[in-house]
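I set out these entries as a record of what I looked up, topic by topic.

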Amino acid sequence: MPDSQLHYCATDKELYDLLMASKQRITESILLGFARERGIFCSPRESRESLVDYLSLLTYTYADLDAMLGHRAATQRTEKRMSIRLNSAVNLEDIKAVCTEYKEGASGDEKVVTKQEGTNKYTATVNYSELDYSKTRLLQRRDKEAEIEFFIKDNETIIRMPANPKAQSVVDRLKRSLDVRAQTTIPAEAIELSHLKTPEVRTRFFTSLITSIPGYRMENVTDVKVESKLHDYPPPDDLEEGDDEADETTLEEKAAERAMLSVVENIALKGQGLLSSPEYQQLKEKGFFITNIVGKSRQLDHPYHIIEFDAGFDEPREGKGFKYNVRGVYRYVNGVHTATLRQIPKEEKPPFFDLLEQTARQVLSRLTDDTPETGQP
């Protein structure tokens with residue numbers, strides 16, 4: 001039976017840890033306010049440590065503690081999305097049935113809300129909490145939401161979800177239920193690069209993706225993550241003993257270079273025009289390949305906004321778990337673009353997600369046709 005409410009029992013040490021770990025959100029003025037609410041006036045010159053030490057020894061009700069946690073709570077960041085494609089148009093009634101079945105069987109503190117939009121979209125929103133043991137105990141439990149969307153098209157069904165393990169486990173369960181109702185295993189496809197075997201082809205997927213979005217022109221690449229190798233390096237022949245022709249200094253240099261390549265597994269680059277930068281070109285020559293990219297693309301038609309796209313893989317080396325997001329927009333106002341990135345409302349993001357998904361599948365299809373067996377260009 002789901003818990004109606006999760007209550008806390010806080011010790012003075014846990015209160016101390018909570019208040020000391022929240023310097024940016026629970027400021028000294030807020031700490032003084034906690035005391036004033038109890039009719040206690042502390043000096044504004046008192047050190048933060050002294051204030052927290054004193055406040056942590058007082059007795060608090062559940063409502064008091066809830067107010068403290070409210071000050072500490074951070075706005076949940078928009079998670080990246082991922083999707084799978086079912087190679088058939090699943091009946092909407094079957095989708096409703098499996099979502100209702102999951103809703104009725106929800107366990108723990110899960111709450112599921114379902115909604116139908118038109119004749120070709122169905123949404124199951126799963127509200128749940130998860131524990132983060134890296135934080136102090138009172139901050140370990142985080143409320144989260146996973147919105148699972150089903151889009152039914154002519155010959156396929158797209159399932160879109162947040163890129164996290166919880167959402168993926170929910171989708172796996174719903175997919176199994178759909179298979180049972182269909183009395184067959186419905187073919188499912190994810191965007192993967194595991195069959196593309198060379199760094200050059202892996203990198204080409206990202207460069208083609210960011211430059212091929214319909215209706216947009218790529219302006220800049222500001223963030224790139226690269227991995228060092230697809231496979232383990234074999235022992236180099238030029239370092240074997242008994243090589244009389246090799247100079248000792250050359251051997252030492254090659255050994256040092258090989259050691260560095262084996263240590264550096266991934267690198268993140270931030271800046272402007274990264275794909276043409278000497279630093280990126282150097283890494284590319286060493287066999288590094290792109291696993292995540294953030295780029296700005298300008299709309300070719302009105303309203304000419306610049307959209308910041310983000311795409312990468314949950315398992316970079318394996319090329320699995322394609323995930324993506326729309327970070328925001330530089331709006332075009334009175335002939336100029338805004339200087340700061342603005343958030344895009346949640347309800348306006350689906351068309352951008354569709355663009356990224358469709359472009360990624362088209363690029364992957366072209367690369368696969370060019371490299372059908374080994375991934376060699």
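**Entry: charged pairs.** I began with Lys115 and Glu117, whose side chains form a salt bridge at 3.6 Å, N to O. The model is a predicted one, and I read each distance as a computed value. Lys115 is partly exposed at 48% relative accessibility, and Glu117 is also partly exposed, at 32%. Glu117 has a further salt bridge, to Lys121, again with 3.6 Å from N to O. I looked up the accessibility of Lys121 as well: at 14% it is buried, because the cut-off for buried is under 20%. Elsewhere, salt bridges with shared partners link Lys80, Glu308, Asp310 and Arg327 into one network.

I then asked how many salt bridges the structure holds. The count is 26. One of them joins the side chains of Arg181 and Asp94, with 3.2 Å between N and O. Arg181 belongs to helix α6 (residues 165-182) and Asp94 to helix α5 (residues 92-104), so this pair ties together parts 87 residues apart in sequence.

**Entry: cysteines.** I looked for disulfides and noted a count of zero. For two cysteines I also recorded the accessibility. Cys42 is partly exposed, at 27%, whereas Cys99 is buried, at 1%.

**Entry: the β10 and β11 hairpin.** Strand β10 covers residues 306-315 and pairs with β11 in the antiparallel sense, over nine bridges. Within this pairing, I found Ala311 opposite Tyr324 of β11. Four residues lie between the two strands, and in this hairpin Gly319 has a positive phi near 70°. I next checked how far β11 (residues 320-330) is covered: nine of its 11 residues are buried.

**Entry: helix α10.** I compared the length of α10 (residues 350-370) with expectation. Its 21 residues should span 30 Å at 1.5 Å a residue, and the end C-alpha atoms are 30 Å apart, so the two values agree. I also listed buried residues of this helix, among them Phe352, Phe353, Leu355, Leu356, Val363, Leu364 and Leu367. The buried positions of α10 include Glu357, Thr359 and Arg361 as well.

**Entry: nonpolar cores.** Which residues have the most contacts inside the largest nonpolar core? I noted Phe205, Ile307, Phe309 and Phe322, in a core of 37 residues. Two or more residues come from each of α7 (199-211), β7 (216-227), α9 (278-285), β9 (289-299), β10, β11 and α10. The largest share is that of α10, with eight residues. As a general point, nonpolar side chains tend to be buried together in soluble globular proteins.

Leaving aside residues up to four places away in sequence, Ile307 touches Tyr216, Gly295, Lys296, Ser297, Val326, Gly328, Val329, Ile344 and Phe352. Another core lies apart from the largest one and has 28 residues, including Met82, Tyr122, Ala124 and Ala163.

How values were computed. Residues numbered from 1 in each chain as written. Predicted model: local features only at pLDDT ≥ 70, side-chain atom pairs only at ≥ 80, totals over all residues. Heavy atoms only, no water. Buried < 20%, exposed > 50% of the residue type's maximum accessible area, 1.4 Å probe, protein only. Pairing = 2+ DSSP bridges. Disulfide = S-S within 2.5 Å. Expected span 1.5 Å × (residues − 1). Salt bridge = Lys/Arg side-chain N within 4 Å of Asp/Glu carboxyl O. Core = buried A, V, L, I, M, F, W, Y, C linked by side-chain atoms within 4.5 Å. Contact = heavy atoms within 4.5 Å.
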